[in-house]
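I opened my notebook to look up how a few parts of this model pack together. Here are my entries, in the order I made them.

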Amino acid sequence: MNKKLILAEKPSVGRDIARVLKCTTKGEGSIEGNEYIVTWAMGHLVELAAPEKYNERYKSWNLDDLPIMPDKMQLEVISRTSKQFHSVKKLLLRKDVSEIIIATDAGREGELVARWIINKVKVNKPVKRLWISSVTDKAISDGFKNLKDGRLYENLYNSALARAESDWLVGINATRALTTKYNAQLSCGRVQTPTLNLVASRQTEIRSFVPKDFSEIKLSAGGVTFTWQNEKTKETRIFDKEKCDALMNKLKNSREGKILMAEFKEKSVFSPLLYDLTELQRDANRLFNLSAKETLSITQRLYENHKVLTYPRTDSRYIPNDIVPTIKDRLNAINTGEYSSYVRELMGRPITAQKHFVDDAKISDHHAIIPTEEKVRLGNLSEMEEKIFDLVAKRFLAVLYPPHKYKQLSLTFEVDGEFFTASGKVTLSPGWKKIYQGENILEE
């Protein structure tokens with residue numbers, strides 16, 4: 001009987017897939033069942049070959065040898081995980097394996113992990129793709145019912161390959177050039193060096209910043225505080241002390257003025273967009289002082305180990321239309337603790353696809369980070385895992401709530417030819433802001 005070989009990225013995900021597909025016989029780096037064999041890559045098993053693989057002389061770093069530009073990039077097995085590579089190779093070449101199912105992370109890097117292994121083994125068998133955004137039992141089961149043709153993801157692999165090869169070419173050549181020219185251990189990379197430049201430039205701006213004192217003139221009338229505003233520039237800060245003193249002398253004996261404008265406007269504000277990885281890392285740093293790497297690691301555990309969040313490496317802040325029918329299941333999954341009252345309120349009304357958070361056109365590989373259908377058990381999460389989950393869960397609840405509505409009043413007051421402004425707002429309906437009551441969590 002022919003079997004299908006499933007190639008996962010990590011042992012933990014491989015074991016989850018094996019359990020769902022009822023594969024129980026443990027082998028060397030694999031788990032086998034009647035129809036499927038599940039194996040895994042343990043991250044990358046194959047990488048681009050080092051320069052000395054092309055020519056022995058490249059073992060020594062010499063400026064005269066640069067640039068190193070291979071006609072065709074070669075792959076080599078990573079030594080520390082070579083045992084697993086050879087286990088996977090043996091399975092790929094088994095005569096009873098008729099099909100390969102790529103089940104690495106559903107993204108550009110995951111595609112590269114699998115394709116490099118397949119290419120290194122030089123196996124030519126039909127390829128299918130498991131493309132899922134969470135690793136719950138339901139997501140895995142549904143994913144295997146809807147496997148994709150592997151050829152649909154060849155351009156994704158090509159883009160990953162182009163990035164990897166450009167990283168190699170820039171990193172190898174620029175690092176060797178700098179190190180040999182300046183006789184110092186220097187490093188240069190396609191991404192790291194421009195990023196370092198951005199950080200260094202910003203630090204230079206901060207160090208060279210010279211603070212300036214400024215003044216503002218306030219006026220109180222009828223229980224309202226007005227702020228002086230330049231009629232032409234609309235600026236309220238006064239950096240010229242003499243100008244400020246002159247204005248104060250002009251105004252200090254004034255006893256009356258007149259309202260030039262009083263304007264009421266009703267406004268509606270939708271909730272902030274759902275989280276992509278960058279926005280989640282930004283908020284986690286601002287609120288909890290977590291580094292980007294720490295936030296990714298925590299979110300990855302919530303996705304992979306606890307299975308309560310969807311795939312974290314996403315650049316989208318929207319969900320597709322086909323996720324909308326699953327929203328109530330996801331609400332049921334977070335129906336616990338402080339979320340319960342909000343979930344009950346949402347479950348009592350129809351949930352429809354709203355353009356401010358549902359948009360197929362704004363999704364590339366993956367949709368925004370949202371809760372899965374897996375029931376969350378907050379007691380099983382660490383303190384930081386719970387905090388990151390809380391950010392995502394509340395943002396998910398918030399987009400489902402109505403807009404925040406308020407009435408804004410703007411006043412312009414004139415005194416002796418000078419203009420003062422004041423504004424205020426009255427909440428008409430809290431809407432999504434109800435979820436964040438008492439929390440200083442959102443940037444205004």
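**Helix packing.** I started with helix α1 (residues 11–20) and α4, whose axes come within 10 Å and cross at roughly 70°. For the axes I took lines fitted to C-alpha atoms, for helices over the stretch in contact, with angles from 0 to 180 degrees between N-to-C directions. α1 and α4 are therefore roughly perpendicular (65 to 115 degrees) to each other. The model is predicted: local features need pLDDT of at least 70, side-chain atom pairs count only at pLDDT 80 or more, and totals for chains, interfaces and linings use all residues. Residues are numbered from 1 along each chain as its sequence is written, and side-chain values use heavy atoms, with hydrogens and water left out.

Helices (H or I, at least four residues) and strands (E, at least two) are DSSP runs, numbered from the N terminus.

**Who touches whom?** Which residues make the contact of α1 and α4? I noted Asp16, Ile17, Arg19 and Val20 on α1, and Asp137, Ile140, Ser141 and Phe144 on α4; contact means heavy atoms within 4.5 Å.

**Burial of α1.** I found Val13, Gly14, Asp16, Ile17, Ala18 and Val20 of α1 buried, that is, under 20% relative accessible area with a 1.4 Å probe, protein chains only. Their cover includes β1 (3–8), β3 (30–32), β4, β7 (97–103), α4 and α9 (292–304). Just after α1, I saw that lysine 22 takes a positive phi of about 60°.

**Aromatic pairs.** I counted 9 aromatic pairs in the structure; rings of Phe, Tyr and Trp (its six-membered ring) pair if their centres lie within 6.5 Å, and planes over 60 degrees apart count as edge-to-face. One of them joins tyrosine 36 and phenylalanine 144, edge-to-face at 5.8 Å centre to centre and 70° between the planes. Tyrosine 36 lies in strand β4 (residues 36–40) and phenylalanine 144 in helix α4 (residues 137–145), so this pair ties together parts 108 residues apart in sequence. Both tyrosine 36 and phenylalanine 144 are buried.

I then moved to alanine 41, in the loop between β4 and β5 (46–48). Is alanine 41 buried or exposed? Alanine 41 counts as buried, at 0% relative accessibility. Setting aside neighbours within four places in sequence, I listed its contacts as Leu7, Ala8, Glu9, Val113 and Ile117.

Definitions and conventions:
Rings of Phe, Tyr and Trp (its six-membered ring) pair if their centres lie within 6.5 Å; planes under 30 degrees apart count as stacked, over 60 as edge-to-face and the rest as tilted. Buried means under 20% relative accessible area, exposed over 50%, partly exposed in between (1.4 Å probe, protein chains only). Angles under 35 degrees count as roughly parallel, over 145 as roughly antiparallel, 65 to 115 as roughly perpendicular and the rest as oblique.
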